[in-house]
Each structure stands twice: as structure tokens, then as C-alpha cells.
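Have the structure open as you read.

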Amino acid sequence: MKRIGVLTSGGDAPGMNAAIRAVVRTGAYYELQVLGIYRGYQGLIDDNVVEMGPRSVSGIINRGGTILRSARCKAFFEKEGRAQAAETLRKHGIEGLVVIGGDGSYRGALTLYDEHGIACVGLPGTIDNDIGGTDYTIGYDTALNVALEAIDRIRDTAESHDRIFFVEVMGRHSGYLAMMSGIAGGAEEILVPETPTSIETLVEHMRSYRAKGKQSAIIVVAEGDELGNAIQVAKQVDALAQIPDSRVVVIGHLQRGGTPTAFDRVLASRLGVRAVEALIEGVSGKMIGISANQVVLRPLEEAWECRTQFDPKLTRIAHILAT
Ligand code: F6P
């Protein structure tokens with residue numbers, strides 16, 4: 001293998017730059033040429049490719065976002081789009097591809113391999129921490145700490161005004177971030193899609209906290225909760241219980257930006273080095289993950305077939321500690 005490509009795809013995540021840096025520098029270490037592809041699979045279709053070397057990734061380990069940009073590319077779902085992408089890869093002599101992103105990006109990589117024989121390995125990059133085959137995804141730890149800091153700040157003002165706050169945390173299909181930030185932030189209630197509840201039960205809990213002397217409360221709502229987003233939950237609670245003076249905060253994309261934590265940088269570095277070494281060894285169709293603090297190779301399909309979920313016991317722990 002002489003030439004490899006690297007791209008970031010799907011929602012960006014803090015630490016993706018550290019992963020790009022690791023891929024480019026490991027490539028250089030093994031005397032491979034590394035090409036960066038802009039805007040994910042769209043860049044492959046558009047032939048938006050640039051040669052990279054160790055100096056082109058200087059000073060990025062501490063930066064959020066992705067210097068290669070990212071996109072969710074609809075054209076790549078079509079056979080013609082993938083054929084165009086494969087043509088770009090062939091034109092540049094790219095024999096192996098490192099795809100940094102979520103499970104949607106992996107599905108694309110696998111199809112590219114099946115249809116055009118381009119070797120691909122995946123690095124898990126998403127703040128949601130819901131990809132199977134790895135205990136942690138790149139970006140999750142940073143997003144968790146951003147959400148936690150927001151909750152801590154909201155707690156200050158909630159207590160000062162005896163208010164109830166509904167705080168929405170990201171996670172379209174997963175309550176992982178919500179559960180962890182809620183426990184770490186001492187939330188009175190954590191609404192997640194994994195453990196559905198009803199508005200009636202929520203209101204009942206809120207009344208019992210009041211009865212126990214709590215004047216303020218933080219209710220963390222996962223973006224993808226079955227009762228709706230934080231605004232919708234607040235409205236339903238209000239309709240049932242007329243909670244005076246409640247507020248809603250949507251943390252939103254703040255969780256996607258900012259300086260990656262040490263954990264995310266080290267994780268991205270470890271996984272990035274292994275990704276390139278795997279390609280050199282002739283591996284394809286695998287993702288590089290972390291399991292029990294060891295870097296592991298897993299089939300790409302595991303990413304969506306065995307999604308990582310938080311330990312269900314955490315629901316009970318959160319409930320006990322809200323007493
Ligand atoms: O998958 C990462 C994520 O941030 C989810 O938590 C969120 O639902 C989604 O992406 C938001 O996507 P977009 O940036 O396209 O609004």
C-alpha cells in the first residue's frame with residue numbers, strides 16, 4: 001500500500017482533528033502518501049482532494065471541528081455517486097480509506113468496498129457514543145463535559161430563583177449523553193428514549209420533590225426522548241400541572257464544538273495510528289474501537305448491529321440519588 005485517503009463524514013465531533021493528525025502522521029511514519037478528502041463522501045464525488053503531510057496537521061490536535069470539513073452526502077447513497085467516488089479514488093491511486101464518522105458513514109464505506117474493492121477502515125467519531133464495537137467514540141467525552149458545565153451553570157440560576165429547568169441534551173437516537181450528564185449534574189429527572197416514561201409519572205415525581213423540600217429542579221431531556229424535545233415536554237408538563245415559572249434550555253450544537261478533552265485527543269491518537277497500521281496489514285471492512293482500554297478491530301457492521309448503550313442500572317442510580 002502506497003497511498004491512503006482520509007475523510008470525516010456525518011456530524012462533526014471534537015477530536016476529529018486529532019484523528020486526522022494521527023492518520024496523516026502515521027502514514028508519513030510508514031512512508032505512505034496521505035490524501036485528505038474534503039467534505040466527506042461529497043469530496044470524493046467532486047474530486048476535492050488534497051495531499052497532506054506531517055506539517056499540514058500541525059497545531060490541530062487542540063482544535064474542535066474538522067479541518068477536512070464534513071457532510072452528510074445524499075448522492076453517495078446512489079450507485080452512480082459511489083461509482084464517481086471510486087473513480088476519484090482510482091484516479092489518485094488511493095488504495096485504502098480511513099473513514100472518521102458514525103455508523104451511516106461506515107455503511108457507505110462497506111458498500112464502497114463491496115462494489116469497488118476499495119479497502120476501508122472506520123474510526124468512530126460522534127458525540128452520541130452510540131456506535132457498537134467501541135466503549136467510547138471520539139468526541140463524546142468533550143460533549144459530555146460541555147453539557148455538564150451548562151447544567152452546573154443552570155443549577156446556579158435555578159436555585160437562585162426556585163425554578164424548574166428543562167435542559168435538552170443532544171442525541172437523536174440515544175440517551176447516553178443525557179444520562180451521563182444528568183447523573184454527573186445531579187439532575188432530578190433524566191428523560192431518555194431507552195426508558196420511556198409518561199408525563200403523569202414525571203409530574204408525580206416533580207410533586208414529590210417539592211414535597212420533600214426541593215424548590216428547584218433540573219430535568220434533563222434527551223433530544224430524541226419519546227415524550228418529545230425539551231420544549232414539548234415543558235408544554236405538556238405545564239398543561240397538566242401549571243408549574244409556575246419554568247424555563248427551557250436547549251444546549252444544542254454547543255456540545256459539538258470546542259477544544260477536545262485530553263481523553264478525546266488520546267483516544268483519537270490511539271485509534272488513528274491503529275487505523276493506518278490495519279490498512280498496511282491488509283485489513284478492510286473493520287472499525288477501530290476501544291474496549292476495556294485496549295484498541296480493538298471489529299467488523300464495521302457491529303457499529304449498527306450492536307449499538308453501545310448506557311448501563312440500564314444507571315436509571316435506578318439516577319432515581320435513588322434524586323431523593
Ligand atoms: O449525531 C450527532 C448529532 O449531534 C446528534 O446528537 C444530533 O441529533 C444531530 O447530530 C444533529 O445533526 P445536525 O448537526 O445535522 O443538526
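How many nonpolar, polar and charged residues does the lining of the largest pocket have? By class, that lining has ten nonpolar, 15 polar and 13 charged residues. Please keep in mind that this is a predicted model.

## The largest pocket

Let us start with the pocket itself. Its volume is about 820 Å³, and 38 residues line it. If you want to find its centre on screen, look for Gly 10, Gly 11, Arg 72, Asp 103 and Arg 172, the lining residues that lie nearest to it.

Two elements each give two or more residues to this lining: helix H4, which covers 103-116, and strand S6, which covers 164-169. Helix H4 provides the largest share, with six residues.

## The ligand and its shell

Where does the ligand sit? The ligand is found in the largest pocket. Around the ligand you will find Arg 72, Thr 126, Ile 127, Asp 128 and Met 170, together with Gly 171, Arg 172, Glu 223, His 253 and Arg 256. Sorted by class, this shell holds two nonpolar, three polar and five charged residues.

Now for some individual contacts, each of which involves an oxygen atom of the ligand. In the side chain of Asp 128, an N or O atom is 2.7 Å from a ligand oxygen. The side chain of His 253 likewise has an N or O atom 2.8 Å from an oxygen atom of the ligand. With Arg 172 the backbone is involved: one of its N or O atoms lies 3.5 Å from a ligand oxygen. As for cover, the ligand on its own has 400 Å² of accessible area, and the protein covers 79% of it.

## The second largest pocket

The second largest pocket holds about 210 Å³ of space. Its lining consists of 13 residues, and those nearest the centre are Glu 189, Ile 190, Thr 195, His 205 and Thr 315. Strand S7 (189-191) and helix H11 (313-321) are the elements that give two or more residues to this lining.

What classes make up the lining of the second largest pocket? There are six nonpolar, five polar and two charged residues.

How many cavities of 30 Å³ or more does a search of the whole structure find? The search finds one. The largest cavity has a volume of about 50 Å³.

Its lining is made up of Ile 164, Met 206, Tyr 209, Arg 210, Lys 214, Gln 215, Ser 216 and Ala 217. Helix H7, residues 199-211, gives the largest share of this lining, three residues. By class, the cavity lining divides into four nonpolar, two polar and two charged residues.

Note on methods:
Residues are numbered from 1 along each chain as its sequence is written. This is a predicted model: local features need pLDDT of at least 70, side-chain atom pairs count only at pLDDT 80 or more; totals for chains, interfaces and linings use all residues. Side-chain values use heavy atoms; hydrogens and water are left out. A residue is near a molecule or strand if one of its heavy atoms lies within 4 Å of it. A polar contact is a pair of N or O atoms within 3.5 Å; within protein, one must be able to donate a hydrogen and the other to accept it, and residues adjacent in sequence count only if both atoms are side-chain atoms. Accessible areas come from the Shrake-Rupley method with a 1.4 Å probe; for residues, only the protein chains shown count as cover. On a 1 Å grid over the protein atoms alone, a cavity is a set of points where a 1.4 Å probe fits but cannot get out, and a pocket is an open set with protein on both sides within 12 Å along at least five of seven lines; lining residues have an atom within 4 Å of a point. A molecule sits in a cavity or pocket if more than half of its atoms lie within 2 Å of its grid points. Ala, Val, Leu, Ile, Met, Phe, Trp, Tyr, Cys and Pro count as nonpolar, Asp, Glu, Lys and Arg as charged, and the others, Gly among them, as polar. Grid points are joined across faces, edges and corners, and a volume is the space filled by probe spheres set on the points. Helices (H or I, at least four residues) and strands (E, at least two) are DSSP runs, numbered from the N terminus.
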